[in-house]
Amino acid sequence: MVLSIGSAHINLVLLLTLGFCVGVLGGFFGVGGGFIITPALNTLGAPIGFAIGTGLAQILGTSVIATLKHRKLGNVDFKLGIILVLSMVPAVEAGKALVLNLTKLGMAGDMVRNVYIVLLVAFGAQMLRDYFKKDKSSPATNKRRWFSFNLPPMISLNKSGVEKISLWMPVVLGLGTGILSGFVGVGGGFIMVPMLYMMGIPTATVVGTSLFVILLGSGTYGTFTYALSNEVSLGAALVMLAGASLGAQIGARATLYANVKRFRFLFSIILLLAGVSIIFKQVSTLHGWSFFGGYSTDLLMSAAVGMSLFITGFLLISSRKDRTAVGVANGVRNAIGLVRHLAEKIVRADLMNADAILESKDWPYLWRG
Amino acid sequence: MNIFALFQSSHFVWSILSVAIMLSSGGILYAFWEKVLGGWGIRH
């Protein structure tokens with residue numbers, strides 16, 4: 001069975017698998033996965049506008065799931081979130097307008113792919129560098145530098161514990177994230193999270209607020225505006241969401257057993273491989289070498305499927321070991337309980353026979369024992 | 001753009017519907033897998 005995304009017809013199982021992989025990676029590494037969905041759909045043959053619109057619709061669904069998972073934590077700074085969302089909306093619109101105008105000129109695919117190559121390679125290389133860097137200083141150490149940017153009007157963010165900050169900082173961040181979201185179809189969390197850290201906002205609030213902004217800004221508004229231009233394949237987005245919803249649960253649970261920092265090495269490799277696969281696609285499109293086009297899809301899907309299966313396998317093995325450990329612990333606890341119970345019975349029986357014990361003159365030994 | 005003309009266009013209604021469908025699907029799928037994976041005994 002196939003589903004149509006614009007002029008492309010993509011196998012349903014392939015879409016389900018892609019969604020599952022993005023869900024596992026997203027749940028495990030805490031990223032939205034838009035930067036895998038959009039290039040993957042494009043390398044599978046979907047026109048770039050449809051790839052972006054459908055990717056944003058899928059991000060909307062997964063961001064609901066992520067937000068529901070965090071709803072009890074109360075980590076959203078609504079004041080900051082609303083400023084970011086309001087700044088993002090016109091920027092998403094501008095990003096979409098840019099894509100549609102470039103599509104008319106026949107340049108949209110090339111331009112978006114170029115941006116993806118830069119983003120994926122830069123992000124992957126940065127993660128790889130951080131992994132091997134010995135001095136792992138917190139991004140919050142940049143706080144002072146950012147706070148020196150004091151262009152009025154100044155606002156306070158009580159929930160985030162920020163007393164005074166220039167309004168222009170979240171506005172510029174929202175605009176930048178929005179343009180990128182509308183232009184390449186990403187949620188924007190990978191930009192917002194480090195930037196919000198640099199504003200000195202606590203980690204939990206950064207994650208909660210970022211999710212809130214992705215849900216309303218990139219997800220809701222992005223889907224709405226691309227659907228308005230008839231660039232969303234809702235069926236494909238729903239199929240990918242079904243896969244991603246299971247994958248996200250597995251990925252999130254796997255973090256309980258794994259040292260995610262160690263796995264970041266593998267994630268950086270996936271980003272670099274995704275970048276290379278888009279270079280292949282670009283080469284095949286620009287020079288008409290279809291040989292590279294085939295490799296592009298294979299490389300991206302193999303990297304995503306391989307890593308997702310690795311994480312799923314890791315979860316299954318670890319949870320089984322965990323259950324065994326719980327079983328052993330329960331066994332030991334039961335054995336101790338049984339011994340205690342028997343000991344109490346013996347002591348009680350001894351007390352009942354206290355007279356006999358006292359008469360036998362053995363009682364000092366009983367207490368000593 | 002005239003807001004009333006926008007309302008009357010099927011794309012506008014379809015856009016609102018798309019957002020609503022994706023939002024509700026996310027919620028339903030979240031609840032579904034929470035229950036299923038809970039049944040499998042994978043703790044969280």
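This briefing covers the aromatic pairs and the interface between chain A and chain B. The model is predicted. Over all chains, the structure holds 4 aromatic pairs. Between them, chain B and chain A bury about 2,600 Å².

**Aromatic pair between helices H5 and H11**
- A:Phe132 and A:Phe265 pair edge-to-face. Their rings sit 5.9 Å apart, centre to centre, with 80° between the planes.
- A:Phe132 belongs to helix H5 (residues 108-132) of chain A and A:Phe265 to helix H11 (residues 260-287) of chain A, so the pair ties together parts 133 residues apart in sequence.
- A:Phe132 has 55% relative accessibility, so this residue counts as exposed.
- A:Phe265 has a relative accessible area of 28% and is partly exposed.

**Aromatic pair within helix H9**
- A:Tyr221 and A:Phe224 form a tilted pair. The distance is 6.1 Å centre to centre, and the angle between the planes is 45°.
- Both residues lie in helix H9 (residues 203-228) of chain A. They are 3 residues apart, about one turn of the helix.
- A:Tyr221 and A:Phe224 are both buried.

**Interface of chain B and chain A**
- On chain B, 23 residues are in contact with 32 residues of chain A.
- Carbon and sulfur atoms carry 73% of the buried area.
- The side of chain B that touches chain A has 13 nonpolar, 8 polar and 2 charged residues.
- Polar contacts between chain B and chain A count 2 residue pairs, both at pLDDT 80 or more.

Key. Residues numbered from 1 in each chain as written. Chains lettered and ligands numbered in written order. Predicted model: local features only at pLDDT ≥ 70, side-chain atom pairs only at ≥ 80, totals over all residues. Heavy atoms only, no water. Phe/Tyr/Trp six-rings, centres within 6.5 Å; stacked < 30°, edge-to-face > 60°. Helix = DSSP H or I, 4+ residues; strand = E, 2+ residues; numbered from the N terminus. Buried < 20%, exposed > 50% of the residue type's maximum accessible area, 1.4 Å probe, protein only. Contact = heavy atoms within 4.5 Å. Buried area = accessible area lost by both parts, 1.4 Å probe. Polar contact = N/O pair within 3.5 Å; in protein donor to acceptor, adjacent residues only side chain to side chain. Nonpolar A, V, L, I, M, F, W, Y, C, P; charged D, E, K, R; others polar.
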